[in-house]
Amino acid sequence: MIIDISTIDDTALPFEFSQESADIDLDSPGVALVGQVLVVGGITKYIERFAVEGTITGEWELDCSRCLQPLSRPLSLTFNVDYVTEGALGTASEVELKPEDLDVDELLESELDLTQLAREQILLNLPEQIYCREDCKGLCEKCGENRNLLDCKCEQTEIDPRWAALKNLKDNLN
């Protein structure tokens with residue numbers, strides 16, 4: 001959904017749209033949106049700034065960080081993004097950014113793509129790690145089996161070559 005910001009007056013402009021998950025390409029391995037994604041919010045115009053607030057809801061599939069099993073989780077996040085018109089921050093040679101300026105984007109055109117904004121917000125809110133369950137055992141380092149499903153014997157049968165000399169020493173003492 002594209003909004004022409006030049007048509008926004010002093011009142012807030014509400015928006016609501018749903019997007020098919022296939023139309024929002026996250027381009028991130030192990031993460032996929034499922035079904036419809038609903039974006040609801042509003043745009044408020046200030047003197048040289050546009051504040052965009054809203055919520056994004058839907059469902060996504062993520063891979064467990066330990067065992068790589070796919071998980072379905074609800075997607076529900078809120079966002080608040082500020083935009084300024086081109087040149088409001090100054091030219092590149094004269095800009096001194098303040099900490100509050102790090103949360104501001106510059107609009108280079110008179111149009112705002114809300115689908116792209118939703119995509120960015122989803123990517124920014126990806127969890128660093130997610131687990132299928134609290135006690136997930138992960139994958140075996142040797143054979144790659146999922147330890148939650150199969151109890152492989154790799155750890156018991158193989159000895160790290162760096163410790164083999166100590167095992168021989170222990171066997172000789174007995």
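**Values set against definitions**

Q: Why is R133 called partly exposed?
A: R133 has a relative accessible area of 37%. Buried means under 20%, exposed means over 50%, and partly exposed is in between (1.4 Å probe, protein chains only). R133 is therefore partly exposed. The model is predicted: local features need pLDDT of at least 70 and side-chain atom pairs pLDDT 80 or more, while totals for chains, interfaces and linings use all residues. Residues are numbered from 1 along each chain as its sequence is written, and side-chain values use heavy atoms, with hydrogens and water left out.

Q: What makes the contact of D135 with R133 a salt bridge?
A: The closest N and O atoms of D135 and R133 are 3.1 Å apart. A salt bridge is a side-chain nitrogen of Lys or Arg within 4 Å of a carboxyl oxygen of Asp or Glu, so the pair qualifies. A search of the whole structure finds two salt bridges.

Q: How do you know that D82 and R49 meet in a salt bridge, and where in the chain do they lie?
A: Their N to O distance is 3.1 Å. D82 lies in strand 5 and R49 in strand 4, 33 residues apart, and the pair thus links distant parts of the chain. Strands (E, at least two residues) and helices (H or I, at least four) are DSSP runs, numbered from the N terminus.

Q: Which of the words buried, partly exposed or exposed applies to D82, and which to R49?
A: D82 is buried, because its relative accessible area is 19%. R49, at 29%, counts as partly exposed.

Q: Why are strand 2 and strand 6 said to stand at the edges?
A: Five strands form an open sheet with mixed pairing, in the order 2-3-4-5-6. Strand 2 (13–20) and strand 6 (104–107) each have a single partner strand, so one side of each is left without a neighbour in the sheet. The twist averages 25 degrees from one strand to the next.

Q: How do you know that strand 2 and strand 3 pair?
A: Two strands pair if DSSP finds at least two bridges between them. Strand 2 and strand 3 (residues 31–45) have eight bridges, in the antiparallel sense. Helix 1 packs on the sheet, touching strand 2, strand 3, strand 4 (49–63) and strand 5 (70–85). The direction of helix 1 makes about 120 degrees with that of strand 5.

Q: What makes T115 buried, and which residues does T115 touch?
A: T115, in helix 1 (residues 114–124), has a relative accessible area of 14% and is therefore buried. Contact means heavy atoms within 4.5 Å. Not counting residues up to four places away in sequence, T115 touches M1, F17, Q19 and I24.

Q: Why are D27 and L68 called exposed?
A: D27 counts as exposed because its relative accessibility is 65%. L68 has a relative accessible area of 51% and is therefore exposed.

Q: Why does L166 count as partly exposed, and where is L166 found?
A: L166 counts as partly exposed because its relative accessibility is 46%. L166 is found in helix 3 (residues 164–173).

Notes
Axes fitted to C-alpha atoms, helices over the stretch in contact; angles between N-to-C directions.
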